[in-house]
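Subject: Structure handover and findings

Dear colleague,

I am handing over the structure below, together with an account of what was found in it. Please read the notes alongside the coordinates and check them in your own viewer.

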Amino acid sequence: DNADNADKYDEDLEDLQRKRADVAQCWVKYYLYLLETGRPDKRDEVPVETDVDVRFDIDVADLEADVPCNIPANYAEAKICFVQGTQKVKEAMTFYQLDGHTSDHVSCTQDNSSFYRHLAEYVEDVDTAAKMHKRRADLLSDLVNQLNSQYFLAICKQLHYELGEIYAEMMRLKMAKLQAMPVPEPALASKVNKLIQFGLGHFQQFLDYHCDKHGQLPDVHDEMAARSILMAHFWMARLTTKLLSP
């Protein structure tokens, strides 16, 4: 009986922890929605109106002051969503560990990356924005290096493609800074080329995962794979044209 009770307690505890993690993930999506909707390039869009008015008989007055409910209009307001959102990611990841909950852990890490991506859109300083994207690259690189592509091939494809996009964005930021200089700095030009090479490497790895045992891409792909493969080729061509002469 004691053993059965102990097993029941463990099951109930795990179920409670899972539910808390799921609630935290709901908050993550909420904060990401606020950040994405408030992006400078989206502020002029007409919000979607709804007639649905859902109310719950729950007293949450003590919590309302701590939770933002308005679309952030500037960096300071966006930072609040970022801080609270990434805290919820951490809460979810206390349960969704890589060992045992791989897919959910990857999803949480990608959400964390998205917080940095969105916050960077509220920043005017190029170097600060680049550092946020570098943080994204570190998060996803650390993750993909822990995964065995033999068992998590789809996830590895996804992560390498996203890493390629991140390095392309970092290159764009550094290139803009370089082009704005009266006299371009050789060190910055070298940095741009390194970012391009990193981006090319990740897109190439993404393509390699689609190759057969002879290293050749199949002649036929499903629609979704074909589109992503085509876009990877476009990204690589674009990055290659940005390479700077020594």
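Contact, as the word is used throughout, means heavy atoms within 4.5 Å. The model is a predicted one, in which local features need pLDDT of at least 70 and side-chain atom pairs count only at pLDDT 80 or more, while totals for chains, interfaces and linings use all residues. Residues are numbered from 1 along each chain as its sequence is written, and side-chain values use heavy atoms, with hydrogens and water left out.

**The chain as a whole**

The protein chain has 8 helices and 0 strands, where helices (H or I, at least four residues) and strands (E, at least two) are DSSP runs numbered from the N terminus. Of the 246 residues in the protein chain, 37% are buried; buried means under 20% relative accessible area, exposed means over 50%, and partly exposed lies in between (1.4 Å probe, protein chains only). Among the contacts in the protein chain with a separation of 6 or more, 72% are between residues 24 or more positions apart.

**Helix packing**

The axes of helix α3 (residues 75-95) and helix α4 (residues 102-120) come within 10 Å and cross at roughly 170 degrees, the axes being lines fitted to C-alpha atoms, for helices over the stretch in contact, with angles that run from 0 to 180 degrees between N-to-C directions. That crossing makes α3 roughly antiparallel to α4, given that angles under 35 degrees count as roughly parallel, over 145 as roughly antiparallel, 65 to 115 as roughly perpendicular and the rest as oblique. On the α3 side the residues that make the contact include Tyr75, Ala78, Phe82 and Val89, and on the α4 side they include His105, Cys108, Phe115 and Leu119. The residues of this contact of α3 with α4 divide into 11 nonpolar, 5 polar and 2 charged, with Ala, Val, Leu, Ile, Met, Phe, Trp, Tyr, Cys and Pro counted as nonpolar, Asp, Glu, Lys and Arg as charged, and the others, Gly among them, as polar.

The axes of α4 and α6 come within 12 Å and cross at roughly 10 degrees, which makes α4 roughly parallel to α6. Here Thr102, Ser103, Val106, Gln110 and Ser113 in α4 meet Ile155, Gln158, Leu159, Glu162 and Ile166 in α6, and by class the contact of α4 with α6 has 4 nonpolar, 5 polar and 1 charged residues. Thr102, in helix α4, counts as buried at 12% relative accessibility, and, not counting residues up to four places away in sequence, Thr102 touches Gln97, Leu147, Phe152 and Ile155.

**Individual residues**

Val123 lies in the loop between α4 and α5 (126-144) and is buried, with a relative accessible area of 18%. Leaving aside neighbours within four places in sequence, Val123 is in contact with Tyr75, Thr128, Ala129 and Met132, and the C-alpha atoms of Val123 and Ala78, 45 residues apart along the chain, are separated by 9.8 Å.

Tyr167 is found in helix α6 and is buried, with a relative accessible area of 8%; leaving aside neighbours within four places in sequence, its contacts are Ala137, Leu195, Phe198, Gly199 and His202. His202 lies in helix α7 (residues 186-208), counts as buried at 14% relative accessibility and, with neighbours within four places again left aside, is in contact with His160, Leu163, Gly164 and Tyr167.

Asn74, in the loop between α2 (61-64) and α3, counts as partly exposed at 33% relative accessibility.

**The largest pocket**

The largest pocket has a volume of about 350 Å³. On a 1 Å grid over the protein atoms alone, a pocket is an open set of points with protein on both sides within 12 Å along at least five of seven lines, whereas a cavity is a set of points where a 1.4 Å probe fits but cannot get out, and lining residues have an atom within 4 Å of a point. Grid points are joined across faces, edges and corners, and a volume is the space filled by probe spheres set on the points. Of the 14 residues that line the largest pocket, Lys157, Gln158, Tyr161, Phe206 and Ser228 are the closest to its centre. The elements that give two or more residues to the lining are α6 (153-179) and α8 (223-241), and α6 gives the most, with 6 residues. The lining residues divide into 6 nonpolar, 4 polar and 4 charged.

With best regards
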